[in-house]
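Thanks for coming, everyone. I'll keep this short. Please look at the screen.

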Amino acid sequence: SLNDKTPKGTILRSIAIFTAMELCGSFLTGETGPRTTAKNFKVFCTSKYMPQRYHRVAELLLSIFRNGVTHSYIPKGAAHLSSDEGCRNIHLEFFDSGLCVFVPTFAEDITIAIKEFAGDLRSDPVMQQNYIKVFNDLDAAGKKDYIDFISRNKISVRQDVKFSGDISVSL
């Protein structure tokens with residue numbers, strides 16, 4: 001759970017948070033793909049949905065936290081992710097060793113932001129168009145990669161079983 005209060009899973013919760021922020025940003029911009037991730041993250045981080053205190057550190061959260069955790073599975077130097085209760089009152093404060101992010105507070109703030117965002121998404125036609133566009137783009141890119149892979153590797157596909165995955169994109 002994003003709201004787990006124990007230190008176990010700090011990095012995993014962080015990865016989920018950063019991914020969720022980036023995905024929500026893609027729904028705001030209507031863009032997805034390799035050269036859109038930084039923009040999408042920053043757009044959501046500085047949006048009306050996020051508490052103001054995150055706006056001033058959006059670029060830093062992207063560079064030392066999101067990029068470190070997403071690409072290397074650990075934050076870069078000067079990025080201190082913590083679930084230690086002693087860090088609750090120093091969330092997003094700057095120290096000579098780096099920026100402290102108290103992950104339980106971060107998770108709570110993001111959960112509230114995403115719930116508010118989801119409410120607007122369900123009622124705003126432009127946001128819904130972006131949402132559908134992003135999923136259509138991802139669907140097309142994934143199908144192309146799949147077809148290329150099975151073709152390149154001369155794989156014959158089964159046609160005897162029909163099923164669908166567990167992920168639903170309906171609002």
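Which residues does Phe-117 touch, leaving out those up to four places away in sequence? The list is Cys-24, Phe-27, Leu-28, Phe-44, Tyr-49 and Met-127.

Before going further: this is a predicted model. Mean pLDDT for the chain is 87. Residues at 70 or more make up 88%.

The largest nonpolar core holds 32 residues. Phe-117 is among those touching the most other members. Met-21, Phe-44, Leu-61, Phe-65, Val-101 and Phe-106 are in that group too.

Where do the core residues come from? At least two each come from helix 1 (10–29), helix 2 (37–45), helix 4, strand 1 (79–82), strand 3 (98–102), helix 5 (103–123) and helix 6 (125–152). Helix 5 is the top contributor, with 7 residues. As general background, nonpolar side chains in soluble globular proteins tend to be buried together.

Now the cysteines. How many disulfides does a search of the whole structure find? The count is 0. Take Cys-100. Its closest cysteine sulfur belongs to Cys-87, 4.1 Å away. The cut-off for a disulfide is 2.5 Å, so that distance is too far for a bond.

Buried or exposed: which is Cys-100? Cys-100 is buried, at 5% relative accessible area. Cys-24, one of the contacts of Phe-117, is buried as well, at 6%.

How values were computed: Residues are numbered from 1 along each chain as its sequence is written. This is a predicted model: local features need pLDDT of at least 70, side-chain atom pairs count only at pLDDT 80 or more; totals for chains, interfaces and linings use all residues. Side-chain values use heavy atoms; hydrogens and water are left out. pLDDT is the predictor's confidence in each residue, from 0 to 100. A nonpolar core is a set of buried Ala, Val, Leu, Ile, Met, Phe, Trp, Tyr and Cys residues joined through side-chain atoms within 4.5 Å. Buried means under 20% relative accessible area, exposed over 50%, partly exposed in between (1.4 Å probe, protein chains only). Helices (H or I, at least four residues) and strands (E, at least two) are DSSP runs, numbered from the N terminus. Contact means heavy atoms within 4.5 Å.
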